Amino acid sequence: MDGFEAVLAAVPADRWLSPSPCAGWAAVDVAGHVIAGLSVIELRAAGRPLPQDDPDWRVVAGTDPVMSWRAVRARMMAELERPGALERRIRLAFGEMTVCEWVERYPLELLVHTWDLARATGQAAALDADLVGPALETARQMGPRGREMGKVGPEAAVAGDADDQSRLLALFGRDPAA
């Protein structure tokens with residue numbers, strides 16, 4: 001979360017509408033999507049129902065995406081700290097698990113979208129190598145199901161000697177060299 005927040009806080013004011021590597025999304029859409037993802041964690045941890053439809057990412061990001069992120073992050077963390085929140089069982093598209101098990105896999109989402117936001121806004125896109133390795137393993141498990149569901153693009157090709165960050169991004173349809 002700190003890595004995403006650092007990239008989010010460094011977005012130049014004139015780059016929010018810059019196209020992102022996510023087809024049809026601008027930088028602000030990526031920000032709103034990630035912020036909404038934290039709201040989903042908060043709701044799941046609290047045992048509250050999820051909205052029926054995805055929100056408008058730009059509305060979620062608001063006029064100050066950094067402030068929106070920090071507010072939602074604080075609420076999510078407070079909810080996760082409540083007794084029993086991490087042990088709550090939830091059903092996801094790829095199976096049933098505890099909130100804790102889900103949150104342990106969540107860095108994958110944050111890492112890929114940190115890269116998306118960095119690329120969209122002209123920032124360096126180096127991800128925390130200590131997080132990339134485990135996220136790559138999660139991506140290998142979840143990528144095929146994500147493609148079946150239409151949530152992950154076709155895997156991009158990478159060289160045989162590609163680093164883990166490039167492999168992670170390629171598994172999620174990103175061209176790490178772009």
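**View 1. Helices H2 and H6 cross in this predicted model.** The axes of H2 and H6 come within 9 Å and cross at roughly 160 degrees; axes here are lines fitted to C-alpha atoms, for helices over the stretch in contact, with angles running from 0 to 180 degrees between N-to-C directions. H2 and H6 are therefore roughly antiparallel to each other, a label for angles over 145 degrees. The crossing of H2 and H6 is left-handed, as the near helix is turned anticlockwise from the far one by less than a right angle. On the H2 side, Ala 27, Val 30, His 33 and Val 34 make the contact, meaning heavy atoms within 4.5 Å. H6 brings Glu 109, Leu 110, His 113, Asp 116, Leu 117 and Ala 120.

**View 2. Helices H1 and H4 pack together.** Their axes sit 9 Å apart, at an angle of about 160 degrees. That makes H1 roughly antiparallel to H4, and H1 passes H4 in a left-handed crossing. Look for Asp 2, Phe 4, Glu 5, Leu 8 and Ala 9 on H1, touching Pro 65, Val 66, Trp 69, Arg 70 and Arg 73 on H4. By class, this contact has six nonpolar, no polar and four charged residues (nonpolar: Ala, Val, Leu, Ile, Met, Phe, Trp, Tyr, Cys and Pro; charged: Asp, Glu, Lys and Arg; polar: the others, Gly among them).

**View 3. The largest pocket holds about 1400 Å³ of space.** A pocket is an open set of points on a 1 Å grid over the protein atoms alone, where a 1.4 Å probe fits, with protein on both sides within 12 Å along at least five of seven lines; lining residues have an atom within 4 Å of a point. The volume is the space filled by probe spheres set on those points, which are joined across faces, edges and corners. Of the 40 lining residues, His 33, Tyr 106, Glu 109, His 113 and Lys 151 lie nearest the centre. H2 gives the most to this lining, with seven residues. By class, the lining has 24 nonpolar, eight polar and eight charged residues.

**View 4. The second largest pocket holds about 370 Å³.** Among its 22 lining residues, Met 1, Asp 2, Pro 107, Leu 110 and Leu 131 are the closest to the centre. Helices H1 (2-9), H2, H4 (65-80) and H6 each give two or more residues to this lining; helices are DSSP runs (H or I, at least four residues), numbered from the N terminus.

**Notes.** Residues are numbered from 1 along each chain as its sequence is written, and side-chain values use heavy atoms, leaving out hydrogens and water. As this is a predicted model, local features need pLDDT of at least 70 and side-chain atom pairs count only at pLDDT 80 or more, while totals for chains, interfaces and linings use all residues.

Terms used: Angles under 35 degrees count as roughly parallel, over 145 as roughly antiparallel, 65 to 115 as roughly perpendicular and the rest as oblique.
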